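Please look at the model first.

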Amino acid sequence: MSEQINTADLYDDRGEELESVAVQFQNLGGHTHFSGQVRTIRCFEDNALVKTVLGTPGEGAVLVVDGQGSLRTALMGDMIAESAVANGWAGVIINGAVRDREALARLPLGIKALGSNPKKSAKTGVGEVDVQLVIDRVRIQPGVMIYSDPDGILVER
Ligand SMILES: O=C([O-])CC(=O)C(=O)O
């Protein structure tokens, strides 16, 4: 059960410790409020690392995938998202696209992405895991807490 956080209240309480990601991600998962420790992947139109990492124990973490904003291929679909649920991940935030929107909306998982595309990604495994990301000028470091709800995303500095 994910904690029901409210990012606006959290910002009022702890704003000086938090950065707000202004990108207008779409809420695509069955859980609209989610939070957890950050894990990260940087990749580009290739989702082999996303599948691998979400197939390992999440222990309530949130995977942030910087797909560098490409909407040309889907970095996650329903099979990978189901594996994330089975492995105890709290959520997945993708600076890129997903597919299988209708199935994703029914899963007990927080999912944010820029949009969707039915075209699958390459599977070569090019990319990096647990590296610092910068998305829209906000630094996202592995291990810090991230909070997401319909208002947006807050991440510890
Ligand atoms: O296989 C993929 O690239 C992603 C996908 O469709 C799924 O997770 O179901």
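## Backbone, ligand shell and strands

D100 sits in the loop between β5 (91-98) and α4 (101-106). The model is predicted. Phi of D100 is near 65 degrees, a positive value although D100 is not a glycine. D100 also belongs to the ligand's surroundings.

Q68 shows a positive phi too, about 60 degrees, and is likewise not a glycine. Its place is the loop between β4 (62-66) and α3 (78-86).

How exposed is Q68? Q68 has 13 other C-beta atoms within 10 Å, so it counts as partly exposed. D100 has 19 such atoms within 10 Å. A residue is buried at 20 or more, so D100 is still partly exposed.

Which residues surround the ligand? They are N47, M76, G77, D78, M79, I80, R99, D100, K120 and S121. By class, this shell holds three nonpolar, three polar and four charged residues.

Strand β11 has antiparallel partners in β1 and in β10. The table sets out both pairings.

| Strand | Partner | Bridges | Residue pair |
|---|---|---|---|
| β10 (residues 145-149) | β11 | four bridges | Y147 with L154 |

What joins β10 to β11? A hairpin does, through two residues.

Note on methods: Residues numbered from 1 in each chain as written. Predicted model: local features only at pLDDT ≥ 70, side-chain atom pairs only at ≥ 80, totals over all residues. Near = placed C-beta within 6 Å. Nonpolar A, V, L, I, M, F, W, Y, C, P; charged D, E, K, R; others polar. Buried ≥ 20, exposed ≤ 12 C-beta atoms within 10 Å, placed from the backbone. Pairing = 2+ DSSP bridges.
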